[in-house]
Amino acid sequence: MTHIPMATRWSLLSGALLFGAALIYHRPAEAVPAFAQQTGRNCAACHVGGFGPELTPFGREFKLGGYTLRLHASVPLSAMAVASWTHTRKDQDPPPEHLNANDNLVLDQASLFVAGGIGDHLGGFAQLVTYDGVGRAFSWDNIDFRAVTDTKLFGADSVLGLTLNNNPTVQDPWNTLPAWGFPFTDTAVSPTPDAAELIDGAIAGSVVGLSGYAWIDHKVYVEGGAYSSPSRGFLDFVGVDPTDPGSLHGVAPYGRVAYQGNLGGGTFEVGANVLKAAIFPGRDRSSGFTDRYTDWGIDGSWQKPIGKDSLTANLRFEHEKGNLRASCALGLIGEDTDPGCARFTLNEWRGAVRYAWHDKLGFTVSPFSITGSHNDNLYESGSPNSNGVMGQIDYTPWGTGNSPLGPRFNARFGVQYTLYGKFNGRRHNFDGAGANAADNNALRVFTWVAF
Amino acid sequence: MSERREQVSRRDFLNIAAVGGGALFAAGFVSAAPAPAKKLSQKQAKYQPIPKSGQRCQSCALWQAPTACQVVDGQVSPAGWCILYQAKG
């Protein structure tokens, strides 16, 4: 893979962003995000707490309707940036690449979006270029292009759609599944547990998928589709490592069902999902085997307006069954070449309860847990188990479109604290060198702007 | 040789995305006129004159008694519903 000099890349993106920002300042009546301009509604109409990505019921309708709802002509471009300072309870040893052992101030990411609809049937949301300030690299990011039509199904008004996307669950309209689930912003600076399921972003950006969906009577959601691996050259082109995790054997089917209704004066949703994949690790087909994963999950959410405030709860459970036969046969895992060296199961829970006050202040508590089968080949401690809780307080001063820089400039300032009860299998000495789970407890202060 | 071609095309991608995108972004702001206050049509809002799942216009935060909506054009029934429904807290 070749590299463009970092200074050149950064100057290109920062130049574009600053140019846009300067013009916003001179045109306070108009700003982005592009969807706010398109729909004539402020951020709070589509996003809980007045800032993305948590969607209100109308935000879900807008997404499932293919981003086509239009009140005004719009410029289908937006940009955002997230910067943060992170302090871990103990210094990291070794320090993260390019960074200090602790107290790191970084640009987590800066992104340029193309987002909008064309006519009544085509629309899209494309996080076209993201600069990762920790990994110091450019790549494409979440892409979701849609074609939709309104129709009658079972006698009820419904939407039929197709989504072409590059990350399983990025197309989902609820905020329970990984792509848009809490935490809505995080950093690569502080350590996170090693064990994670395939659906947790492991193939985000390295696959392309097409699925069809039906949104029946604005209550029942049914989706089915499949993902495949683009060529090595294409992934190089968009800044994604083609060998991580590897190439799919055939296609990876994905399915999703959900029901949305009323409960207790709010909107609830219950759903299920499944993703199945066979991967040649590192695109190496020489073993004749693949690494196989089957993920299935259930989720639920509830969102209730309380005066000018709102209460939301999101919960998901995901089970993964895997057999890394190819990685074992290739000697990537384990000390022998036993194809059964890495059979495993994982069970992951994640919940988030959020109270948003006047679309300005948000308070979130989010417990998480991942547990699974013992395997000495996969985990240093033999166990994947980790758990903890994250708390977040955030302030969104201009979520109702009242920014002094115009109604489409928005910002969120927040503080997160992540507390680990168990990390990579143990509470104490999880790495055999005396590190405790609590050493990775992290305080993060972030600023997130979008326009 | 192929390595060279890849380097140029990738650079092109990033240049077009960043600089071209930024220029379009800026041009949009320069050309954007102040948006007139207008409403969505009932078709756009997928309005129906009957409730859905117990949700009705009369209990919506956007409701304007006796028969109007802040964001949807035309006469609106208190018993109606549309995709912009937003429950009063």
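This is a predicted model: local features need pLDDT of at least 70, side-chain atom pairs count only at pLDDT 80 or more; totals for chains, interfaces and linings use all residues.
Start with the largest nonpolar core, which has 55 residues. Select C46(A), F113(A), A115(A), A45(B), V72(B), C82(B) and L84(B): these touch the most other members. Then colour the elements of chain A that give two or more residues to this core, among them helix 2 (34-39), helix 3 (43-46), strand 1 (77-88) and strand 18 (442-450).

Stay on C46(A) and show its contacts. Leaving aside neighbours within four places in sequence, they are F35(A), R41(A), L55(A), T56(A), F58(A), G59(A) and F62(A). Next, select I199(A), I203(A), C328(A) and I333(A), which are included in a second, separate core of 23 residues.

Now go to the strands. Select residues 220-228 and 252-263 of chain A, strands 8 and 10; they run antiparallel and are joined by eight bridges. Pick V220(A) to find its bridge partner in strand 10, Y259(A). Strand 10 also pairs with strand 11 of chain A, in the antiparallel sense, over ten bridges. Here V257(A) has A272(A) as its bridge partner in strand 11. Two residues lie between the strands of this hairpin, where G264(A) takes a positive phi near 60 degrees.

Finish on G271(A), in strand 11 (residues 266-281). G271(A) counts as buried because it has 21 C-beta neighbours inside 10 Å, the cut-off being 20 or more. Apart from residues up to four places away in sequence, G271(A) touches W174(A), R256(A), V257(A), A258(A) and D299(A). Its C-alpha atom is separated by 8.4 Å from that of G297(A), 26 residues apart along the chain.

Notes. Residues are numbered from 1 along each chain as its sequence is written. Chains are lettered from A and ligands numbered from 1 in the order in which they are written. A nonpolar core is a set of buried Ala, Val, Leu, Ile, Met, Phe, Trp, Tyr and Cys residues joined through C-beta atoms within 7 Å. A residue is buried if 20 or more other C-beta atoms lie within 10 Å of its own, exposed if 12 or fewer, and partly exposed in between; C-beta atoms are placed from the backbone. Helices (H or I, at least four residues) and strands (E, at least two) are DSSP runs, numbered from the N terminus. Two residues are in contact if their C-beta atoms, placed from the backbone, lie within 7 Å. Two strands pair if DSSP finds at least two bridges between them.
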